[in-house]
Amino acid sequence: DGAKLTVRGGKATIEGGTIVSTNQYVVNGGNDSISTGDEMSLLSLYVEEGYDTKGANFFLTDDIYLTTQGIDHGGAGFTPIGTGISIDFEITGTKRFLGDFDGCGYTVYGLYIVSDFLDFAGLFGRCKGSTIKNLGVCGDILGDDEVGGICGDAKGGTFEQCSNYGNISGKDENVGGIVGSVENGKIYNCVNFAAVVGKNKV
């Protein structure tokens, strides 16, 4: 069975065969399971803290119901996994998700992001070289540039057998049901079932 995402010392860590130490949070590969909205939020925190996910494999073991209030204290929703918003709700240097993610046929419900100043909005904000597959998302997303249901911005990588059931809106450009912007990546057998609205490059 996979490791579990947990909190230690107020920060996100990985336990169960992939933990390095209690002070450094570096994922050395392995399979890390996610079964709750809180654990999904911990993955977002883990990436935003700047810890490396390269070589790590995350997978769902159940449908996920997000209730986390992120982005701002007014309740603008989930903080994307890999974006330019810090846990203190300030603009920071963008951290990318570098691992792989298998939804195993499950769906993430309640993906609510409403922040029209936010670039890189989606369940994943920014990815590089990742394979994201067998994943559904359902909710509503409003961002600025690079807005997508699964991922806002991807460099390389593969998206396969993914579905979006939530409305996607971008104030500017690069808006898509699955991925807002993808460079040198591949999208296979993915389906968008909801409205997508943007200004350019939709």
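Predicted model: local features only at pLDDT ≥ 70, side-chain atom pairs only at ≥ 80, totals over all residues.
A salt bridge here is a side-chain nitrogen of Lys or Arg within 4 Å of a carboxyl oxygen of Asp or Glu.

**Salt bridges**

Searching the whole structure turns up three salt bridges. Here they are side by side:

| Pair | Closest N to O |
|---|---|
| D153 and R96 | 3.2 Å |
| D153 and R126 | 3.1 Å |

D153 pairs with R96 at 3.2 Å between the closest N and O atoms. Because D153 sits in strand β12 and R96 in the loop between β5 (64-65) and β6 (100-102), this contact ties together parts that are 57 residues apart in sequence. D153 also reaches R126, at 3.1 Å. Here the partner belongs to strand β8, so the bridge between D153 and R126 links parts that are 27 residues apart in sequence. Both D153 and R126 are buried; for D153, the relative accessibility is 3%, where buried means under 20%.

E183 is in strand β17 and K155 in strand β12, so their bridge joins parts that are 28 residues apart in sequence. E183 counts as partly exposed because its relative accessibility is 42%, and K155 is partly exposed too, at 26%. Through shared partners, R96, R126 and D153 form one network.

**The sheet behind these pairs**

Strands β8, β12 and β17 make an open, parallel sheet, in that order. On average, neighbouring strands are turned by 5° against each other, direction ignored. β12 (residues 151-155) and β17 are paired over four bridges in the parallel sense, and one of the residue pairings sets A154 against V182 in β17.

**Loops and surface**

Most residues other than glycine have a negative phi. Q161, in the loop between β13 (158-160) and β14, has a positive phi near 55° and is partly exposed at 41% relative accessible area. N184 has a positive phi near 60°; this residue lies in the loop between β17 and β18 (186-188) and is exposed, with 72% relative accessible area.

Finally, Y165, V191 and F193 make a nonpolar surface patch of about 300 Å². Y165 lies in the loop between β14 (163-164) and β15 (167-170), and its 43% relative accessibility makes it partly exposed.

Note on methods. Residues numbered from 1 in each chain as written. Heavy atoms only, no water. Patch = residues over 30% accessible without salt bridge, like charges linked within 9 Å, V, L, I, M, F, W, Y side chains within 5 Å. Areas by Shrake-Rupley, 256 points an atom, 1.4 Å probe, with all protein chains shown as cover. Helix = DSSP H or I, 4+ residues; strand = E, 2+ residues; numbered from the N terminus. Buried < 20%, exposed > 50% of the residue type's maximum accessible area, 1.4 Å probe, protein only. Pairing = 2+ DSSP bridges. Axes fitted to C-alpha atoms, helices over the stretch in contact; angles between N-to-C directions.
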